[in-house]
Amino acid sequence: MTGEFVLTGARLATMASFDTPYGLIEDGAVAVSGGRIVWTGPREKLSADNFPWEQRDLGGRLVTPGLIDCHTHIVFGGNRAMEFEMRLNGASYEEVARAGGGIVSTVSATREASLEQLVQDALPRLDALIAEGAAVVEVKSGYGLDLDTELNMLRAARRLGELRPVTVKTTFLGAHATPAEYKGRDDAYIGEVCIPALRAAHAEGLVDAVDGFCENIAFAPAQIERVFKVAQELGLPVKLHAEQLSHQGGTKLAADYSALSVDHVEYATEDDARAMAASGSVAVILPGAFYTIRETQAPPIEHFRSHGVPMALATDCNPGSSPLTSLLLTMNMGCTLFRMTPEEALAGVTRNAARALGLTDRGQIAAGMRADLAVWDVETPAELAYRIGFNPLYTRIYEGTQ
Ligand SMILES: O=C(O)CC[C@@H]1NC(=O)NC1=O
Ligand SMILES: [Fe+3]
């Protein structure tokens, strides 16, 4: 189904209003033309004269906005199952990192991989996300840590968006770790590799946003700020992995730069939440990493709620701390591990995830939005977060095409 059509008999979780939970419209209709939603509302208010198009009755099925995974590292070489075993033998995530494992151990496999190999390795991960209704996927660099490979990763990310009916948003993450050849010389790496790679990637049109890893096993706020200053000079928005394993003050820095989002935030404080509320930054909650590295400090959901900080949820799909390619399981984890409500979880992979990527025409079912929709064989929206390991997707509509 493509072109102009009307969906009827749909329970619409529009995520577009706060009047009712999920912005729910019980017996709704959606008129689509040119890949856009041109009208939506209760079926009885649909004027067939205005939209004399093919109608398709969805039989009462639930319709949500197409899902959005706003934080992934799905482009990388190799895998890290052996570290999984190390941790099962008692090594902590930080001990693995300090022993030369962690991020830098994926770097050599990524540097050795061709562009085509990086694309082919990532496609199954992308397909798994699409199979659960994803319409937008953010993809970061950060496993090259040299100029050529950082660019190759972002080229692979762009290629993924050409090969599949999905929107790929790219994020430069050169400040992910210091590579072995710069061990103990973080500042030199930032100046000699990371920043030149950012400039080159931007010049090639490969960068939609800039990220960093602010942590005691990665970079200090002052080092991240060097990268953020260049992002600002290039007119690129920023986001930041912050307060994941400890409190380093990355959140405040990100808020100072009006970051689109601050991600992980397990160790964020109420003051951090206030700063994020003031800057309009989204808290991106990543339960897959919390779960995989057996973290014990949950993110301050209540502070985000009370200060009106929008919360997104994402897989953080990466080979070390979150080998997760299910947004539905991510939603379940957000509820079960962090006590987010099912409505917050759905907002986390739709409306708020769009905001975390600076997208204004995704993540909601409303006139003017792109016609990215997911149709589900469930009665209620809560079932999407409730079930574990079950994918009830009936069909996916991407930019008005089923
Ligand atoms: O272990 C990896 O490969 C990525 C870890 C991932 N990156 C980051 O900044 N925080 C994480 O948990
Ligand atoms: Fe991450």
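**Strands and helices of the predicted model**

Modeller: In this predicted model, strand E11 (residues 261-264) runs parallel to E10, and four bridges join the two. Within this pair, Ala242 stands opposite His264 in E11.

Colleague: Through which helix does the chain cross from E10 to E11, and what is the hand of the crossover?

Modeller: The two strands to be connected run parallel. The chain passes from E10 to E11 through helix H8 (residues 250-256). This β-α-β crossover is right-handed.

Colleague: What is the hand of the crossover from E11 to E12?

Modeller: E11 and E12 run parallel and are joined by three bridges; in E12, Val284 is the bridge partner of Asp263. The chain goes from E11 to E12 by way of helix H9 (residues 270-279). The hand of this β-α-β crossover is right-handed.

Colleague: Which residue in E13 is the bridge partner of Ala283?

Modeller: Strand E12 (residues 282-285) runs parallel to E13, with three bridges between them. In E13, the partner of Ala283 is Met311.

Colleague: Which strands are the edge strands of the sheet?

Modeller: The open sheet has eight strands with parallel pairing, in the order E6-E7-E8-E9-E10-E11-E12-E13. From one strand to the next, the twist averages 25°. An edge strand pairs on one side only, and this applies to strand E6 (67-69) and strand E13 (311-313).

Colleague: Across which strands does H7 lie, and at about what angle does H7 run to E9?

Modeller: H6 lies across strand E8 (167-175) and strand E9 (209-214), at about 160° to E8. H7 lies across E8, E9 and strand E10 (239-242). The angle of H7 to E9 is about 175°.

Colleague: Are H6 and H7 roughly parallel or roughly antiparallel to each other?

Modeller: Helix H7 (residues 221-233) packs on H6 at an angle of about 20°, with the axes 10 Å apart. H6 passes H7 in a right-handed crossing. The residues of this contact divide into seven nonpolar, two polar and five charged. Angles under 35 degrees count as roughly parallel, and therefore H6 and H7 are roughly parallel.

Colleague: How many charged residues has the contact of H5 with H6?

Modeller: Helix H5 (residues 147-163) and helix H6 (residues 186-203) have axes that come within 9 Å and cross at roughly 40°, which means that H5 is oblique to H6. The crossing is right-handed. Leu147, Glu150, Leu151 and Leu154 in H5 meet Val193, Pro196, Ala197, Ala200 and Ala201 in H6. By class, this contact has eight nonpolar residues, no polar residues and, as for charged residues, one.

Colleague: How many nonpolar residues are in the contact of H4 with H5?

Modeller: Helix H4 (residues 115-131) packs on H5 at an angle of about 50°, the axes being 9 Å apart, so H4 is oblique to H5. H4 passes H5 in a right-handed crossing. The residues in contact include Leu115, Leu118 and Val119 of H4, and Asn152, Met153 and Arg155 of H5. Of the residues in this contact, one is polar and two are charged, while the nonpolar ones number ten.

Technical notes. Residues are numbered from 1 along each chain as its sequence is written. Chains are lettered from A and ligands numbered from 1 in the order in which they are written. This is a predicted model: local features need pLDDT of at least 70, side-chain atom pairs count only at pLDDT 80 or more; totals for chains, interfaces and linings use all residues. Side-chain values use heavy atoms; hydrogens and water are left out. Axes are lines fitted to C-alpha atoms, for helices over the stretch in contact, and angles run from 0 to 180 degrees between N-to-C directions. Angles under 35 degrees count as roughly parallel, over 145 as roughly antiparallel, 65 to 115 as roughly perpendicular and the rest as oblique. A crossing is left-handed if the near helix is turned anticlockwise from the far one by less than a right angle, and right-handed if clockwise. Contact means heavy atoms within 4.5 Å. Ala, Val, Leu, Ile, Met, Phe, Trp, Tyr, Cys and Pro count as nonpolar, Asp, Glu, Lys and Arg as charged, and the others, Gly among them, as polar. Two strands pair if DSSP finds at least two bridges between them. A crossover is right-handed if, with the strands pointing away from the viewer, the path from the first strand over the helix to the second runs clockwise.
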